[in-house]
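This report describes the fold of one protein for a reader who is new to structural analysis. Please keep the sequence and the model in view while reading.

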Amino acid sequence: MIPATVRPQAGPSSPMPDTAKQPNELVAVLDMGASAIRLVIGQVMPSRQIRVIEEASRGILLGRDAFSTGTIRSQTLDATLTAIEGFRQIMVGYKVVHVRAVATSAVREARNAEMVLDRIRGRTGIAFEIINEAEEVRLIYLAVRHALGKHSVFKGAATLLVEVGGGCYNVRL
């Protein structure tokens, strides 16, 4: 079983907290969004920064169900389970030692979210955390800052960041 993180203080593109595993170990992030499930695997460098070594994504339209009917249908859950099992195999192959698995707006708004997460945990051993919108925005900001932090427009005092997801949009100055 892959150990899951309940609530680490670092995002996927920031330095690992002091409680993280040793440098050179592999860590992963799973993001279950409204239109896709994404996996990023990274190596903890001696500087405590993360070097991305693998990325994968599978289009699963959780939001189509959650936003139109209020629940995630069994067919969509089956596709979700298949995708997460595949991602789990990738993580096992890489010998990932630490994973943070988060679910965003579609699961957050589904009336059957608890059942969905219980089925995922029971079948894959991976415990997903439903994050609130503020945490989602914070993690997106950290990822963009990491990717564009050296770009001149991102260093200015007036930079607007707009993220449009399958289930929500966020604006940040």
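## A bridge between two strands

Ala103 has Ile130 in β5 as its bridge partner. Strands β4 and β5 run parallel and are joined by two bridges; two strands are said to pair if DSSP finds at least two bridges between them. Helices (H or I, at least four residues) and strands (E, at least two) are DSSP runs, numbered from the N terminus.

The model is predicted: local features need pLDDT of at least 70 and side-chain atom pairs count only at pLDDT 80 or more, while totals for chains, interfaces and linings use all residues. Residues are numbered from 1 along each chain as its sequence is written, and side-chain values use heavy atoms, with hydrogens and water left out.

## Overall composition

The secondary structure comprises six helices and seven strands. In sequence order, these elements follow the pattern β-β-β-α-α-β-α-α-β-α-α-β-β.

The protein has 173 residues, of which 43% count as buried. Here buried means under 20% relative accessible area, exposed means over 50%, and partly exposed lies in between (1.4 Å probe, protein chains only). The accessible surface comes to about 9,200 Å², and 55% of it belongs to carbon and sulfur atoms; such areas come from the Shrake-Rupley method with a 1.4 Å probe, and for residues only the protein chains shown count as cover. Among contacts between residues at least 6 apart in sequence, 63% join residues at least 24 apart, where contact means heavy atoms within 4.5 Å.

Strands of a sheet pair through backbone hydrogen bonds, either parallel or antiparallel. In this model, five strands form an open sheet in the order β3-β2-β1-β4-β5, with mixed pairing. Because β3 (50-59) and β5 (129-130) stand at the edges with a single partner strand each, one side of each is left without a neighbour in the sheet.

Strands β1 and β2 run antiparallel and are joined by seven bridges; they form a hairpin with three residues between them. Along this pair, Leu26 stands opposite Gln43, and Val29 stands opposite Val40. Val40 also has a bridge partner in β3, namely Glu55. Strands β2 and β3 pair in the antiparallel sense over nine bridges. Their hairpin has five residues between the strands, and Arg48 takes a positive phi near 75° there. Strand β2 is mostly covered, with seven of its nine residues buried.

## Strand β4 and Arg100

Strand β1 is also joined to β4, by six bridges, and these two strands run parallel. Val29 has Arg100 as its bridge partner in β4. Five of the six residues of β4 are buried, so this strand is largely enclosed by the rest of the structure.

Arg100 lies in β4 (residues 98-103). Is Arg100 buried or exposed? Arg100 is buried, because its relative accessible area is 6%. Its side chain makes a polar contact of 3.2 Å with the side chain of Glu129 and another of 3.2 Å with that of Glu135. A polar contact is a pair of N or O atoms within 3.5 Å; within protein, one must be able to donate a hydrogen and the other to accept it, and residues adjacent in sequence count only if both atoms are side-chain atoms.

Helix α2 lies across β1, β2, β3 and β4, running at about 10° to β2; axes are lines fitted to C-alpha atoms, for helices over the stretch in contact, and angles run from 0 to 180 degrees between N-to-C directions. Glu85 is placed in this helix (residues 74-94) and is partly exposed, with a relative accessible area of 27%. The side chain of Glu85 makes a polar contact of 2.8 Å with the side chain of Arg123.

The largest nonpolar core has 31 residues, and those with the most contacts inside it are Leu30, Met32, Met91, Val107, Ile120 and Phe128. A nonpolar core is a set of buried Ala, Val, Leu, Ile, Met, Phe, Trp, Tyr and Cys residues joined through side-chain atoms within 4.5 Å. Helix α2 gives the most to this core, with six residues. Leaving out residues up to four places away in sequence, Met32 touches several residues, including Ile37, Ile84, Val107, Ile120 and Phe128.
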